[in-house]
Amino acid sequence: MKTIKISLHYPLNSITVPLVSTLIRKFNVEVNILHADISLNKTGTLVADIKGEEADVEAVLTYIQDQGIQYDLFNKKLIWQEESCVHCGACTAVCPSDALTMNKETWCLEFDKEKCLVCGLCTKACPLNVMSLQA
Ligand code: SF4
Ligand code: SF4
């Protein structure tokens with residue numbers, strides 16, 4: 001099995017394409033939508049994890065391209081040096097996907113890597129540089 005994290009950039013005339021349901025039905029992959037900003041008569045962005053057999057995932061990428069939809073693959077992952085974190089919460093204010101949250105009982109930072117969009121905003125917000133993106 002292979003999992004990729006992908007950002008899709010829909011051009012104006014493609015936002016009505018039922019892409020996600022087609023991928024699931026046609027290629028037998030799992031699609032976990034992490035972030036979507038798509039509305040009629042606008043370009044749109046969708047970030048998702050796609051999981052399936054390697055050949056199916058490759059076929060998905062070809063299909064997406066054939067639909068005229070551009071994509072970027074996230075090859076990096078976020079590294080949190082938890083032992084150096086002072087749990088100030090500054091990174092939670094910039095995280096667009098709620099991957100970073102403060103536990104309301106312990107007031108400690110919690111990181112849900114499944115929700116992370118690998119956008120890197122937290123790496124700039126952290127005063128101690130304990131967040132970094134690595135390949
Ligand atoms: S890289 Fe940081 S700011 Fe961006 S989604 Fe992941 S945890 Fe949130
Ligand atoms: S900004 Fe840095 S030090 Fe503060 S909670 Fe986030 S990771 Fe920890």
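Colleague: Which residues does Leu-23 touch, not counting residues up to four places away in sequence?

Modeller: Contact means heavy atoms within 4.5 Å. Here Leu-23 touches Asn-28, Val-29, Val-31, Ile-50, Val-60, Tyr-63 and Ile-64, with residues up to four places away in sequence not counted. This is a predicted model, where local features need pLDDT of at least 70 and side-chain atom pairs count only at pLDDT 80 or more, while totals for chains, interfaces and linings use all residues. Residues are numbered from 1 along each chain as its sequence is written, chains are lettered from A and ligands numbered from 1 in the order in which they are written, and side-chain values use heavy atoms, leaving out hydrogens and water.

Colleague: Is Thr-22 buried or exposed?

Modeller: Thr-22 counts as buried because its relative accessibility is 10% (buried is under 20% relative accessible area, with a 1.4 Å probe and protein chains only). Thr-22 belongs to helix H1 (a DSSP run of H or I, at least four residues). Beyond its neighbours within four places in sequence, Thr-22 contacts Phe-27 and Tyr-63.

Colleague: How many residues has the largest nonpolar core?

Modeller: Such a core joins buried Ala, Val, Leu, Ile, Met, Phe, Trp, Tyr and Cys through side-chain atoms within 4.5 Å. This one has 18 residues, and Leu-8, Leu-19, Leu-23, Val-29, Ile-50, Val-60 and Ile-64 have the most contacts inside it. Two or more residues each come from strand E1 (2-10), helix H1 (19-27), strand E3 (44-52) and helix H2 (54-66) (strands are E runs of at least two). H2 gives the most, five residues. Another core, of 15 residues, lies apart from it, with Trp-80, Cys-91, Leu-109 and Cys-122 among them.

How values were computed:
Buried means under 20% relative accessible area, exposed over 50%, partly exposed in between (1.4 Å probe, protein chains only).
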